[in-house]
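Take a look at the sequence and the structure below. The paragraphs that follow walk through a few parts of it, one at a time.

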Amino acid sequence: MEYSFTEIEKKWQDKWKAGQVYRVKNNSPKPKYYALDMFPYPSGIGLHVGHPLGYIASDIFARFKRLKGFNVLHPMGYDAFGLPAEQYALDHGVHPAESTRQNIKNFRDQLDRIGFCFDWSRQVNTAEPDFYKWTQWIFLQLFNSWYNRTEKKACPIESLAKHFETGGSSIVSAYRHQPEFSAADWKGFSEKKQQDILMEYRLAYCGIGEVNWCEALGTVLANDEVINGVSERGGYPVVKKKLRQWYLRITEYADRLLEGLEKVEFSEAMKEMQANWIGKSHGAEIDFEIAPHPDHLRKSTEGLSKLRVYTTRPDTIFGVDFMVVAPEHELVPSFTTAPQQPAVDEYLTYVKSRSERERIAEKKITGCFTGSYALNPFNGRRIPVWVSEYVLAGYGTGAIMAVPCSDERDYKFAQHFHIPVTNIIGAHYNGKEANPTKDALLEDSDFLNGLPMQDAIALVNARIESMGIGTTRVNYKMRDAAFSRQRYWGEPFPIVWKNGIACALDEEELPLLLPEVKEYKPGPDGEGPLANIPEWTSKHLETSTMPGYAGSSWYFLRYMDPHNTEEFCNRKASDYWGQVDLYIGGTEHAVGHLLYSRMWTKFLFDRGYIGFDEPFRKLLNQGMIQGSSRFVYRVSPAMFGHDTIAMNGIKDLPQIFISKGIITLLNKGDQLRKDGPSTAEMISEAIQEIKKEGPSQIEMIKDAIQIILSQKFPLFQLIENVEIEYQPLHVDVNLVDGVELNIGLFINSKEEFKSAYFILEDGTIWPKIGIENQLSSDDPVPDYFSKTLNFRKTFSPLEKLRSIYICGAETEKMSKSKFNTVNPNELVEKYGADTFRMYEMFLGPVEQSKPWDTKGIEGVHRFLRKLWRLFYDDSKGRLWTTETASHDELKVLHKTIKKIDEDTERLSFNTAVSAMMIAVNELGDLKCHKKEVLEKILILLTPYAPHICEELWHGLGNENTILDAIYPFAEQKYLLQSEKQYPVAINGKTRTELNISLDATQQQVEELVLSDQKVRKWLDGKSPKKVIYVKNKMINIVV
RNA sequence: GCCCAGAUGGCGGAAUUGGUAGACGCGCCAGACUCAAAAUCUGGUAUUCGCAAGGAUGUGCAGGUUCAAUUCCUGUUCUGGGCACCA
């Protein structure tokens, strides 16, 4: 009996499907476990091998937990709204719903082949009305809530209105409305005014924000779509534009999002990233008077008398050498003096064309003096006020006091514009770079002189407060989340505008369906495509749609109760399932999706809709699988001369490809030099060699090209004295084995490659032509080729020179255009789903990024066949027996149980797979075919390779499914050992090994060790200073 | 630029708490079986010196702490991810 995986996998997938074995109920006497994947965006490219990495991990864990007696929720769905579908619609006129449906079908088909244990009856799709109805509903709850800072929770907006009626704005602690108003004021306000005020308090509110505006495309662009200040599509100019936008007041949750990190099992790196994103800082806002200037009288002087800055280092106030305001700062126009006007205007125009990313990342220092001076409140010193793009309007007050001696960016700015630096930290400042220390004793700092900076902070804060020129302040780097998109393919806002007031639709009116459109072009004035629909605009419905992260902020709750038409999720269901116990997905969601979903969860908790306020108990970040692209190097037609090409037409150009090693050689090793010093050294030596003979070697390559041309392409000729030129072309990785090109596949892959010629790694030509044709295998290699061979040997002494074509390799993001995507379907067809699953796990730790490489998959496949052969022989049939297992066999079994159990539990799947291989190897060596042992091995393996295990399980005579087998436990008696082979080191270097009983005492060990022959030899008569004996680890003798 | 992570043989990786560096797999080499191939099996495989026994070196780079460092600390280089409208 052979292991015919195709048959077996089909058989069990069908049976499992028919038996609905993965259905899970919302009640069970078993403890619950919720294992969740970040659901995919169903892109048109389909699933590539990177996607299933996390899914396989969660699938293994879900199956593992089920075997261990849990009621496991393991669902899957689609995050179906998104830009690519809309872009596809724009380009091809296909409705996003249609292309998305297609893509989902394709995804589902691909997923099914891998044999996941998803409960598909719970599938969600964020773009389906029965799902987004509830996204809209939750949005309305946010819209109808405000954040009560006293109670530290979200409360209904009606309660806020009541507060205003009774006590005005000052009795609530909340996001603060300016200016304050009394209860009487409130009652006197018009409805519009009241609503405008309430809007500012809502957790989902409408405001004005800046967007990347591309006039030519008539649309708003994501930062992602802007490259070097122009649109990615078309390369049109992009400027900032102010637009009305919806926001989520996530900043009100900043502290709770920060504190919540202590309650969850995220990696420290992840917590740090989130904490940095939230960016809580303690500092002070300080007012600086602006020195009067004749120009100021000319302009409106309102608000001009002072400039408010935010600083985390008030202690450095005597080191302020200049002020910087953001280009968008509202006071820039009034600060600018007449002589500086042209320069400032020019600068502002420049900044307007810059994306925020560029502004922060650019190493180039830019800025412009406004002409105004601020006055240091403590000593009246005149401080020039500059405007620069490195200060962002959205953070703090949009203005900073620059202290070049203690801040790196301020220092570089001062250097660049020749602003003198005041040193207030004495020897801590070396005059060459800023020192952000907090430990220095302050100098030249008036009343702070001699104080440690650390202590001065409080003193300055007290002083500014008593002077009434400032206040301490907690600030967050995090900004409110922009929640609207000027796009079509997203959830419509359930909002109607009546006389400029945003009104919520009634719950009965949900879902507000996304209407059909004829075109997906943007609407007028930066509005979305919905603004092009008269029936929509005539109802005064909001024309923006919600962003991609709306649906993904709560989808994990919907899985708990996916078909509920009355509620987004019944409280009983969410109480039963509770938090996601294990959430698996990529780090790229570290600060987006994970923060938003955490906020939504906290909000729903505040309003009593769910009973927990952190969605994910434990997070595992899977690494990104990168594509490893392969290149072939085509001799550039330019070498044959443009005239010749024009004469012969472009179609039938000779296709000549040069192998990588020779290309490297032509590059004089530049590429390989990067590989590391040892290789680099080696290469540089080789280069020296090559240089001696270099020109003639290059001539040889040219000769080879000339031979091909003259014999096969007589119309072409090499230009005299031409340099060798070549073009790297991406070659489909599926045509390459490792780095060796499969020439046969390659030439058949494209019409133009049919008559290609290859100069191979050893310098020979394929197909064989010219002089080689006249040689029999016994003839000596002609001089020309032997020279080439020698020359290649000096270049790369480690490599075997062979007659093969070696491709160039580079690691890049997987993408269709780079031909480096690998479709799991092909691998599943060739090796089976079980092999594919195990191979993805065997690649390395789940959380580690790595380039994809298929070449090791054979090993895993071999392992499964080896396992099969413990049960059946290909010709003899059944091997397994019901004999009683020996002690050695049981030792292997129980050691393996312990290892697999522990490794799976700690999500170390790659080492579990290798432990499995060791077990099968050892059982093979022991010729163990005993059911008693094999049956338990199958249970250990079934989470990883469910199909083969189910088949063999039934082969052993079991009637029930292995899915619900009882997980074996490791018995101590087979694991205990009485002695251990200790490594014995002398001065830290291992010199020998000794078998010593595990319960030996220090003294016994010392005696044993020191009497050992080898040890004595190494001691060489000297007496040891110390013998270190670490039980169960090692022994070290210090001489 | 800022934040986070990573770097170990020809390759993917192992070493869970500072304690034998290179488990397991790929590749490669040699052998067995075979008319041959595939499949399978056996042995070898970090580098270097050595016939061998054995020695030296070795976890990106430069230092440090320690009886002992892939692991901890300082600095540094390179690669990957994120940086707010891609998902």
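**A sheet, a strand of RNA and a buried glutamate**

Strand β1 covers residues 32-37, and strand β20 covers residues 582-586. The two run parallel and are joined by three bridges. One place to look is D37, which stands opposite I584 in β20. Keep in mind that this is a predicted model.

Now widen the view. Strands β1 and β20 belong to an open sheet of four strands. The order is β2-β1-β20-β21, and the pairing is parallel. In general, strands of a sheet pair through backbone hydrogen bonds. Which strands stand at the edges? They are β2, residues 71-73, and β21, residues 619-622. Each has a single partner strand, so one side of each is left without a neighbour in the sheet. From one strand to the next, the twist averages 20°.

A helix goes with this sheet. Helix α2, made of residues 52-67, lies across β1, β2, β20 and β21. Its direction is at about 170° to β1.

Next, turn to the RNA. How many residues surround RNA strand B? There are 67. The closest are A222, E272, K363, L843 and R862. Which parts of the RNA come within 4 Å of the protein? Sugar and phosphate account for 64% of those atoms of RNA strand B.

A backbone N or O atom of K477 lies 2.8 Å from a base nitrogen of RNA strand B. At Q486, an N or O atom in the side chain is 2.7 Å from a base nitrogen of RNA strand B. Q848 involves a phosphate instead. An N or O atom in the side chain of Q848 is 3.0 Å from a phosphate oxygen of RNA strand B.

Finish at E951. This residue is found in helix α34, which spans residues 946-955. Is E951 buried or exposed? Its relative accessible area is 15%. Buried means under 20%, so E951 counts as buried. What is E951 in contact with, leaving aside its neighbours within four places in sequence? The partners are I8, K11, W12 and W868.

Technical notes: Residues numbered from 1 in each chain as written. Chains lettered and ligands numbered in written order. Predicted model: local features only at pLDDT ≥ 70, side-chain atom pairs only at ≥ 80, totals over all residues. Heavy atoms only, no water. Near = heavy atom within 4 Å. Polar contact = N/O pair within 3.5 Å; in protein donor to acceptor, adjacent residues only side chain to side chain. Pairing = 2+ DSSP bridges. Axes fitted to C-alpha atoms, helices over the stretch in contact; angles between N-to-C directions. Contact = heavy atoms within 4.5 Å. Buried < 20%, exposed > 50% of the residue type's maximum accessible area, 1.4 Å probe, protein only.
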